[in-house]
Amino acid sequence: LAVRGSVVRRSGPSQRAKSKIPHPLMQPEQLIEFVGNHWILFAVLAGIIALLAHNLAMGGKGSVDPVTATELINHRDAVVVDVRSAADFAQGHIINAVNIPMNGFKNQIGTLQKHKGKPIVINCRSGSQSSAACQQLRKEGFGEVYNLRGGILAWQSANLPLTRKKR
């Protein structure tokens, strides 16, 4: 409201259009210019969004939590493959797990051929390396391959047993 003397005037759209106050939203022309000036940032943003979308879509696929992994082991005779180093494996692993370290995993996939018809649960320390091992096994034609979500750390957090015995 503007008060001049004793007359009260309301500022309408015509007066607002004449003022030089910028609109809070960007106009389409300004947005196009901004993207054109900062195209590298927008390309990186698009890549990050695509990776996040892929991770959301595929991340949960083929992953199991420790409780589900236990059910697979107990009821479906799943094979557990630990891809940590031999030293980490010796410090404690899931009972009856097979140790195939990630650094030589591709060369030792053949040792798992006899288990091709069974579910296979892959674990590492936190679940990230085992995810890559799962992808390699799927490429080799293994049907039921599961990543232990959270790895051996999640297994321990669920208070599930570990052993130091060799198989």
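Let's start at Asp-77. This residue comes just after helix 4, and its phi is positive, about 55 degrees. Keep in mind that we are looking at a predicted model.

Now step back into helix 4 itself. The helix runs over residues 66-76, and its buried residues are Pro-66, Ala-69 and Leu-72. Seen down the helix axis, these buried residues fall within an arc of 115 degrees, so they line one face of helix 4. Turn to the other side of helix 4. There, Val-67, Asn-74 and His-75 are exposed.

Take Ser-63, in strand 3. Is Ser-63 buried or exposed? Its relative accessibility is 15%, and buried means under 20%, so Ser-63 counts as buried. Leave aside neighbours within four places in sequence, and Ser-63 is in contact with Asn-147 and Arg-149.

Next, the largest nonpolar core. It has 15 residues, and Val-81, Phe-105, Ile-122 and Leu-137 touch the most other members. Where do core residues come from? Strand 4 (79-82), strand 6 and helix 6 (128-139) each supply at least two. Helix 6 gives the largest share, three residues.

Not counting residues up to four places away in sequence, Phe-105 touches Val-81, Val-83, Ile-100, Leu-112, Ala-133, Gln-136 and Leu-137.

Definitions and conventions:
Residues numbered from 1 in each chain as written. Predicted model: local features only at pLDDT ≥ 70, side-chain atom pairs only at ≥ 80, totals over all residues. Heavy atoms only, no water. Buried < 20%, exposed > 50% of the residue type's maximum accessible area, 1.4 Å probe, protein only. Helix = DSSP H or I, 4+ residues; strand = E, 2+ residues; numbered from the N terminus. Arc of directions from axis to C-beta. Contact = heavy atoms within 4.5 Å. Core = buried A, V, L, I, M, F, W, Y, C linked by side-chain atoms within 4.5 Å.
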